Amino acid sequence: MAPPPPSGANSAVARDIANVLHPYTDLQAHQQAGPVVISRGKGVRVWDENGKEYIESVAGLWCAALGFDNERLVQAAANQMRKLPFYHAFTAKSHEPMIDLAEMLIQRAPLPMSKVFFANSGSEANDSAIKMVWYLNNALGRPQKKKIIGRLKGYHGITIGSASLTGLPANHRSFDVPLPGFIHTMTPHFYHGALPGESEAEFATRCADELEKLILAEGPDTVAAMWAEPIMGAGGVILPPEGYFPKIKAVLKKYDVLLVADEVICGFWRTGNYWGTQTLNVEPDIITCAKALSSSFLPISAVMVNDRVFQALADESHKIGTFGHGFTYSGHPVPAAVAIETLKIYDEMKIGDHVRAVGPYMQAALQRRFADHELVGEVRGTGLIAAVELVADKAAHKNFDPSAKVGGRLARLCEEHGVIARTVMGDVLCFSPPLVISQQEIDEMLDRVGKALDELTVQLRREQIAVVR
């Protein structure tokens with residue numbers, strides 16, 4: 001049994017340890033260390049219960065696009081709760097917030113889309129899209145065409161279906177996923193995956209060739225769809241090589257395999273365009289989105305389908321008598337009202353213009369400050385999403401041994417210096433700050449991260465953890 005925390009048995013820390021099961025946490029270690037309790041937020045900053053201030057370098061979980069306070073979103077929620085606090089979308093029931101939001105998303109879609117289905121998280125959106133793909137192929141008389149392709153290091157959520165689609169070991173190990181029928185193709189990361197002398201275009205061609213070989217090995221008549229984030233987020237902020245998506249799309253089209261774009265992180269201006277699909281030249285049949293849809297003030301997600309997909313769903317539902325999928329809170333009027341207001345704010349603020357100004361500034365500042373640092377192998381990103389990858393050997397692009405927990409140590413040092421940071425894949429420090437961040441706040445954030453990185457360097461030297469320059 002864990003000893004009582006020093007802050008007292010009735011503290012928030014003690015009560016958290018006693019009662020809360022945390023996601024993405026070492027549950028045993030948490031019983032000793034306890035949480036950082038965040039009590040309030042404003043702009044790009046949050047404060048813990050002791051009054052310590054932090055810059056949120058990843059906008060929470062890639063999501064608080066408008067920062068941690070916005071009175072218009074508060075009022076949108078309050079007004080809707082007074083008017084209609086809940087209604088559902090089952091059996092052809094509807095309400096104006098859901099209708100208005102669907103219309104706004106269709107209008108803003110990067111290419112023609114037909115209908116919008118609402119859920120409550122990115123995981124639910126991707127899980128729903130998986131079921132739609134299966135449903136569609138049953139409708140088309142292709143019951144064997146059901147296999148789903150993800151990518152190694154791709155992240156699409158943690159429901160049983162979306163976790164099977166995800167390509168990260170920690171999301172599979174001990175959970176008995178992936179389920180049968182979920183397969184994974186190579187990670188399109190030029191830094192780690194390119195062969196000696198291979199250009200980005202050649203690497204992209206090899207990625208497409210590998211995909212085609214996978215489809216042929218599985219049998220084209222059994223492969224239904226491929227999922228792809230425009231930029232892979234939790235896998236390490238991985239941008240695809242030059243020409244990657246057009247080459248991938250050509251392979252998928254050849255074998256009548258749908259492409260699903262997971263815009264949960266990249267959507268709503270994160271990359272400098274409204275959609276990551278526009279930045280990376282992706283042409284999907286289905287789009288999933290969440291997070292910045294409501295600036296994460298309330299949970300809501302969406303699946304947008306093109307007309308080909310919708311017509312198949314409609315035909316099969318008519319044959320059965322219903323489309324037997326949905327959630328109690330699908331299109332909930334309060335999150336929908338907040339999402340509507342969020343999209344209006346993006347338009348009125350011209351947030352895209354802001355991202356196109358401060359995004360290149362952040363990318364250049366990251367390169368200038370960290371690209372030549374002895375611990376840094378690659379700095380990568382676009383718009384307001386980026387990563388700094390730590391390596392033990394710069395020439396060989398070799399990461400530290402996982403047992404050294406270098407990334408986790410850097411994240412803790414960042415917190416000590418006033419930045420809540422997120423490291424993924426062990427040694428990759430991610431940046432995805434609120435879209436409202438200013439150049440001055442970027443400089444302040446990177447100053448603090450720089451101090452943490454320098455402190456880590458001193459520690460590693462003292463511990464004689466080898467760094468090959």
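Reader: Is Val-133 buried or exposed?

Author: Val-133 counts as buried, because its relative accessibility is 1%. Buried here means under 20% relative accessible area, exposed means over 50%, and partly exposed lies in between, with a 1.4 Å probe and protein chains only.

Reader: Where is Val-133 placed, and what does it touch?

Author: Val-133 belongs to helix α6, residues 122–139. Helices are DSSP runs of H or I with at least four residues, strands are runs of E with at least two, and both are numbered from the N terminus. Leaving aside residues up to four places away in sequence, Val-133 touches Ile-148, Ala-224, Ala-225, Trp-227, Leu-258 and Ile-286. Contact means heavy atoms within 4.5 Å.

Reader: How far apart are Val-133 and Leu-258?

Author: They are 125 residues apart in sequence, and their C-alpha atoms are 8.2 Å apart in space.

Reader: What kind of model is this, and how are residues numbered?

Author: This is a predicted model, in which local features need pLDDT of at least 70 and side-chain atom pairs count only at pLDDT 80 or more, while totals for chains, interfaces and linings use all residues. Residues are numbered from 1 along each chain as its sequence is written, and side-chain values use heavy atoms, with hydrogens and water left out.

Reader: What is the mean pLDDT?

Author: The chain has a mean pLDDT of 96, and 98% of its residues reach 70 or more. Over residues 1–5 the pLDDT is below 50, and this stretch has six contacts in the model beyond near neighbours in sequence. The pLDDT is the predictor's confidence in each residue, from 0 to 100.

Reader: Turning to strands, how is β12 covered?

Author: Strand β12 spans residues 385–390, and six of its six residues are buried. On one side are Ile-385, Ala-387 and Glu-389, and on the other are Ala-386, Val-388 and Leu-390.

Reader: Which strands pair with β12?

Author: Strand β11, residues 376–382, pairs with β12 in the antiparallel sense over six bridges, and Val-376 stands opposite Leu-390. Two strands pair if DSSP finds at least two bridges between them. The β11 and β12 hairpin has two residues between the strands, and Gly-383 there takes a positive phi near 60°. Strand β15 also pairs with β12 in the antiparallel sense, over four bridges. Glu-389 has Val-428 as its bridge partner in β15, and Val-388 has Leu-429.

Reader: Which way do the residues of β15 point?

Author: In β15, residues 428–431, Val-428 and Cys-430 point one way and Leu-429 and Phe-431 the other, and all are buried. Strand β14, residues 422–424, pairs with β15 in the antiparallel sense over three bridges, with Arg-422 opposite Cys-430. These two strands form a hairpin with three residues between them, where Met-425 in the turn has a positive phi of about 50°.

Reader: What is the order of the open sheet of four strands?

Author: The order is β1-β2-β3-β13, with mixed pairing. The edge strands are β1 (38–42) and β13 (419–420), each pairing on one side only. Strand β3, residues 53–56, pairs with β13 in the parallel sense over two bridges, and Glu-56 stands opposite Ile-420.

Reader: Which residues other than glycine have a positive phi?

Author: Among them is Ser-296, with phi near 60°, in the loop between β9 (286–289) and β10. Ser-296 is partly exposed, at 33% relative accessible area. Another is Gln-464, with phi of about 60°, in the segment after α16 (439–462). Gln-464 is exposed, with a relative accessible area of 73%. Most residues other than glycine have a negative phi, and most peptide bonds are trans.

Reader: Which residues does a cis peptide bond join?

Author: A cis peptide bond joins Val-177 and Pro-178, with omega about 10°. Pro-178 lies in the loop between α7 (160–165) and β6 (182–185).

Reader: Which residues divide up the lining of the second largest pocket?

Author: The lining holds 17 nonpolar residues, nine polar and two charged. Ala, Val, Leu, Ile, Met, Phe, Trp, Tyr, Cys and Pro count as nonpolar, Asp, Glu, Lys and Arg as charged, and the others, Gly among them, as polar.
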